[in-house]
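Subject: Structure for you to look at

Hi,

Here is the structure I promised to pass on. Have a look at it first, and then read on for what I found.

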Amino acid sequence: MSEHIRKCAGCAGKFGRAGMIRVLKNSVSGEILINPDNYTFGRSVYICKNKKCVEAAFKKGRIFKLLKTQPQNQLKEKLLGLFAGKE
Ligand SMILES: [Zn+2]
C-alpha cells in the first residue's frame, strides 16, 4: 500500500494527503477551491488540518506564491472556518 505524501505549506512537514486540506487553483478559471473533487485540475497546495499550519501558510503570502495567484482576502477566513466549533 502506498500513500501519496504531500508537504504542508505551513510547517513543511510531510504527511499523507488524507490528513490534509487541499487548496487548488483551477487551471481554467483561476478560481481558488478548498478540498475540490478529483476532477478539477490546477496547481494545488496542501496544509495540515490545524489552525497553526493554516496561519503559517499565510505568513508573508506564502500560500499565494505557491498557488501563483494574487492574494485573496477571504481565503484564510474560509480555511479557518473549517475549524469553527471544533476546538
Ligand atoms: Zn503542517
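At roughly what angle do the axes of helix 1 and helix 3 cross? One thing to keep in mind before the answer: this is a predicted model. The axes of helix 1 (residues 51-58) and helix 3 (residues 73-81) cross at roughly 170° and come within 10 Å. Since angles over 145 degrees count as roughly antiparallel, that is the label for this pair: helix 1 and helix 3 are therefore roughly antiparallel to each other.

If you want to find the place where they touch, look for K51, V54 and F58 on the helix 1 side, which meet K76, L79 and L80 of helix 3. By class, this contact has four nonpolar and two charged residues, and no polar ones.

Staying with helix 1, its buried residues are C53, V54 and A57. Viewed down the axis of helix 1, they fall within an arc of 105°, so they line one face of the helix.

Next, the core. The largest nonpolar core has 17 residues, and C8, A9, V23, V45, Y46 and I47 are the ones that touch the most other members. Strand 3 (20-26), strand 5 (42-48), helix 1 and helix 2 (62-67) each supply at least two residues of this core.

You will find I34 in strand 4 (residues 32-34). Is I34 buried or partly exposed? With 14 other C-beta atoms within 10 Å, I34 is partly exposed, because a residue needs 20 or more to count as buried. Apart from neighbours within four places in sequence, I34 is in contact with I21, V23, K78 and L79. Take K78 from that list: I34 and K78 are 44 residues apart in sequence, yet their C-alpha atoms are 8.5 Å apart in space.

Now for some backbone angles. K60, in the loop between helix 1 and helix 2, has a positive phi of about 55° although it is not a glycine.

Last, a glycine. G19 lies in the loop between strand 2 (14-16) and strand 3. It has 13 other C-beta atoms within 10 Å, so G19 is partly exposed. Setting aside neighbours within four places in sequence, G19 is in contact with C48 and K49. G19 and K68 are 49 residues apart along the chain, and their C-alpha atoms are separated by 24 Å.

Cheers

How values were computed:
Residues are numbered from 1 along each chain as its sequence is written. This is a predicted model: local features need pLDDT of at least 70, side-chain atom pairs count only at pLDDT 80 or more; totals for chains, interfaces and linings use all residues. Axes are lines fitted to C-alpha atoms, for helices over the stretch in contact, and angles run from 0 to 180 degrees between N-to-C directions. Helices (H or I, at least four residues) and strands (E, at least two) are DSSP runs, numbered from the N terminus. Angles under 35 degrees count as roughly parallel, over 145 as roughly antiparallel, 65 to 115 as roughly perpendicular and the rest as oblique. Two residues are in contact if their C-beta atoms, placed from the backbone, lie within 7 Å. Ala, Val, Leu, Ile, Met, Phe, Trp, Tyr, Cys and Pro count as nonpolar, Asp, Glu, Lys and Arg as charged, and the others, Gly among them, as polar. A nonpolar core is a set of buried Ala, Val, Leu, Ile, Met, Phe, Trp, Tyr and Cys residues joined through C-beta atoms within 7 Å. A residue is buried if 20 or more other C-beta atoms lie within 10 Å of its own, exposed if 12 or fewer, and partly exposed in between; C-beta atoms are placed from the backbone. The arc is that of the directions from the helix axis to the C-beta atoms.
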